[in-house]
Amino acid sequence: MEIAELSVLLVWAAMTALAVALVSFAIDLGRRTEERAGTRARAAVGAAQAAVSGAPGTASVPPSGTEPRRRAAGIAMSTTWVGTALLLVAIVLRGLAAGRTPWANMYEFTLVGSFVALAVFLGLSTRRDVRFLGTFVTGLVVLFLALGVNVFYVAATGLQPALQNYWLVIHVGVAIAATGILTVAFVASVLQLLRDSRDSGVPFLARTGFRWLDRVPTPGSLETLSFRLNAVGFVLWTFTLIGGAIWAEHAWGRYWGWDVKEVWSFVVWVVYAAYLHARTTRGWSGRRAAWFVVVGYACVLFNFTGVNLIFNGKHSYSGL
Amino acid sequence: MSDSTTYRPEGIADEFSEGSYAEQVPPSGTGPTLPALGWRGTLRWTWRQLTSMRVALMLLMLLAVAAVPGSILPQRPQDPAAVLTYLADNPTAGEWLDRLGFFDVYSSVWFSAIYLMLFVSLVGCIVPRTAAHARAMRDRPPRTPARFERFPARAETTTSATPDEVTDAVVAHLRGRVRWLPVFRVDAGAEEARSARGRVPGRPATRTVAAERGYLRETGNLVFHLALLGLLVSVVLGQLLHYRGQAIVTEGRGFANAVVDYDTFESGEWFSPRSLVPFSMTLDEFSSEFASDRVAFAQARDFTAYVTVTEPDGESSAETIKVNHPLQIDGSKIYLQGNGFAPEITVNDAEGQVAFSGRVPFLPEDQMYTSRGVVKVPDVSAGLEQIGLVGYFLPTAVVEQDGSARSVFPQPRDPLLVLEVYRGDLGLDEGVPQNVYRLDTANLTASVGEDGERVKVLLRPGETADLPDGLGTVTLGEDVPRYVALDLRHDPSLAWVLTFSLLALAGLAVSLFTPRRRVWVRSWSEADPADGAGRTVTRVEVAGLARGDDAGLQDEVDRALGAVPCRESASDTSATDTTTEG
Ligand code: HEM
């Protein structure tokens, strides 16, 4: 079997492991809801205090001691580790097959971006309990990988002259890292919005089907988590723009020319900048700021898919 | 902790992030109302509105929205031909869109207005904040609060060192090792003994330390915003001073850096032709590589132009230009933007006179370098009709059964030139500028064969063929020279654009990731309860406060406590006790 085919097989294997993780995470969320519905009021207050006082490591950990063993969550975490490792091997093999850095087209971008999102999630989970994010992070990643394999796939091959540059490693690498981090931040903000709506009694979210929302941290600590990730993502995105501009100066003979990809990268940047401002503007922090994250992430996704597939700009390296 | 939700770290408010500097002016809650203050009042009111956070936020959102149409509608600077097509397809809507600047969004009045207002708002925000920050840098850290209980991070210990020794050691630790860049700004003080008052218990005389770190946070923020301003100014200056020229050069030929030598030349308002350094350049050779494996068949792998550059002082050097590796000469860059074949074509007219001889660049139209070109032959002998040739150059030609030909590889393995022939008036004499790559066939007659089909003249290198209708002959040269499309660009502002971008990035990172913390220490002597002889020990309390959620705060407090010395080592360490709230 050729290395390139092995790489694809490993992507499928990773998807399988992550699908198992997804189901286990979901079971864990549901089960904890059943078991612990009674103690929720207390736990919520505890979490709120932890978030406000800013004590280290306590922001999302419910009071310890009363916690039953969470078998499903254990299975979910280990399968996530396995899936992430498989994905990493798949990426490395893809690079070997093509004989270059494995992030030069949409398929590879999807693989590596998904890997970064998983890595951020796993990295966070070594420092605090973020297992409530698991369902959504693995869910999104399985979706992305399925799209990648079925829609974006192109055969592994060399690079056209415009891409033969060390900036491919830096510019695209940083763009992917930013996208992966913003993905996890987006999940946190969506949960923040949902939990906040449930707390304030929105009828739809008050149904029993949404009881699991009581088990995610308070909107306050979700907002903090989202902000931290978004701050890192925003700095990386800024660097993506600057790096892209430096590269464009070399490759296309101008650093900025309002090419479609440039326009949308700019829009994304401005939306996240607005988010950072909204957070600190009276009357705009909290829910409204979280909506900026949702819009910003939608723009990130559009910049990746829509701009590559619909418009025909200089930046059409998807190979499709 | 019932007041936890309303707890605000006192005194650490940073105008920018805790609401806004200018927002204090319109009372919060109620919407802005226009006060009857006359025109000066109105002006001031307008200024405050413009520089408020809320307006900056609105402008940012507007900017994001306003940038979008430019990615949907064709834009003149990028693709003028697409704009013309759009206008032809949508005459009514197109005209209105055009009037409103939708085909050049990024220099339209409304787009410019948004970002200019944003920058005005930014200046209005930055100037007072810079002043306030400069003041804060000179101020002393906030006084040591009376009670430490309400602070989120605390620690305490007892030691045998005196309060003075404790204070000196902690101050030294907090300042850090680098003299000129202290980690904390520190203020050591003393408090008189004090008797109990209300809920506040009495206390003996104490030594205090008040310290604050994280001024860089605000500095970074200001640097970021100022750098954005610098970026805008540099970009505008670049627009005014830059120039760019395009030239097509064939192998063995060259060009000089002079306005007249370029095929197209474009420059900013403040450009002066004197800024063109008069070097010259020859293209010695052009080489290209293409993949021949199955997966990526015929995909480009490398383009290299080998050139010789002669500087004004007569010195010459051999250089290469590649995609991604422009050639730098005297502050200008020369880019390899395109390449193709420029076959050498000679046309003899019906009287046998050479009517045209030269290299004709053919523009590649697909991956296999199927290239289209035009030969205009106006200078035929007197009394003859002018000749126009249109056709394709195929680097590796395959001729099908039906006579049609196509190229199957981009390298010149088996070149073929296929031409159609026109005669009549080329329309060159009216003085109207014409595109050299298009033949205006309005006043021309095509040569057709007996079957009514256009006659196609096929030529391989070195061959000569008769033109139909007795128009003469056409010859294709033995070698097929390559040409490169070069783009020379000079923009003196580049270094500034880069500097300000990197400054903005650095400022942003510093302002987002620098922790802002305050630490207070209080130490005093009291009788040692474990000592019958009535000796005293020193009690030390440390409290910490951070802006926002800060996972490292307790560590910071613990480290400060760790700096507390003890005279009889080992005996006191067990008394160290760390408290964490929450
Ligand atoms: C100012 C200029 C540039 C900006 C703002 C920019 C922005 C971006 C962004 C945001 C991405 C993330 C992925 C996506 O959304 O597709 C990206 C990916 C990428 N960029 Fe750039 N870029 C610029 C210049 C360049 C240049 C000059 C090149 C190469 C000649 C380049 C090559 C790529 C490639 C190969 C990818 C990944 C493949 C893909 O997503 O299709 N970029 N760029």
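**View 1. Aromatic rings meet in pairs.** Over all chains, the count comes to 36 aromatic pairs. The rings of Phe102(B) and Trp110(B) have centres 5.0 Å apart and planes at 40 degrees, so this pair is tilted. Here, rings of Phe, Tyr and Trp (its six-membered ring) pair if their centres lie within 6.5 Å; planes under 30 degrees apart are called stacked, those over 60 edge-to-face, and the rest tilted. Trp110(B) is partly exposed, with a relative accessibility of 27%. In this and later views, buried stands for under 20% relative accessible area, exposed for over 50%, and partly exposed for what lies in between (1.4 Å probe, protein chains only).

**How to read these views.** This is a predicted model, in which local features need pLDDT of at least 70 and side-chain atom pairs count only at pLDDT 80 or more, while totals for chains, interfaces and linings use all residues. Residues are numbered from 1 along each chain as its sequence is written, chains are lettered from A and ligands numbered from 1 in the order in which they are written, and side-chain values use heavy atoms, with hydrogens and water left out.

**View 2. An aromatic cluster gathers in chain B.** Which residues form one aromatic cluster? They are Phe286(B), Phe290(B), Phe297(B), Phe303(B), Phe341(B), Phe362(B), Tyr369(B), Phe393(B) and Phe409(B). Take a second look at Tyr369(B): although it is not a glycine, it has a positive phi of about 60 degrees. Tyr369(B) belongs to the loop between β14 (363-364) and β15 (371-377) of chain B, and at 10% relative accessibility it is buried. Helices (H or I, at least four residues) and strands (E, at least two) are DSSP runs, numbered from the N terminus.

**View 3. Charged side chains sit over rings.** In chain A, Arg279(A) lies over the face of Phe227(A), 3.6 Å from the ring centre. In chain B, the charged end of Arg99(B) is placed over the ring of Trp96(B), at 4.7 Å from its centre. A charge sits over a ring if NZ of Lys or CZ of Arg is within 6 Å of the ring centre and within 35 degrees of the ring normal.

**View 4. Four strands of chain B make an open sheet.** The order in this sheet of 4 strands is β13-β12-β23-β22 (chain B), and the pairing is antiparallel. At the edges are β13 (354-359) and β22 (464-467) of chain B, each of which pairs on one side only. Two strands pair if DSSP finds at least two bridges between them. Neighbouring strands of the sheet are turned by 15 degrees against each other on average, direction ignored. For this angle, axes are lines fitted to C-alpha atoms, for helices over the stretch in contact, and angles between N-to-C directions run from 0 to 180 degrees.

**View 5. Follow strand β12 of chain B and its partners.** Strand β12 (residues 344-349) of chain B pairs with β13(B) in the antiparallel sense over 5 bridges. Glu344(B) has Arg359(B) as its bridge partner in β13(B), and Asn348(B) has Val354(B). The hairpin of β12(B) and β13(B) has 4 residues between the strands, and in it Gly352(B) takes a positive phi near 85 degrees. Another 5 bridges, again with antiparallel strands, join β12(B) to strand β23 (residues 472-476) of chain B. There, Asp349(B) stands opposite Gly472(B).

View 6. Asp469(B) is found in the loop between β22 and β23 of chain B. Though not a glycine, Asp469(B) has a positive phi of about 60 degrees. Is Asp469(B) buried or partly exposed? At 47% relative accessibility, Asp469(B) counts as partly exposed.

View 7. Thr157(B) is placed in strand β1 (residues 153-159) of chain B. Thr157(B) and Glu541(B) are 384 residues apart in sequence, yet their C-alpha atoms are 6.7 Å apart in space. With 7% relative accessibility, Thr157(B) is buried.

**View 8. Chain A is built with helices.** Chain A has 10 helices and 0 strands. Of its 320 residues, 62% count as buried. One buried residue is Cys299(A), with a relative accessible area of 11%. The structure holds 0 disulfides over all chains, a disulfide being a pair of cysteine sulfur atoms within 2.5 Å.
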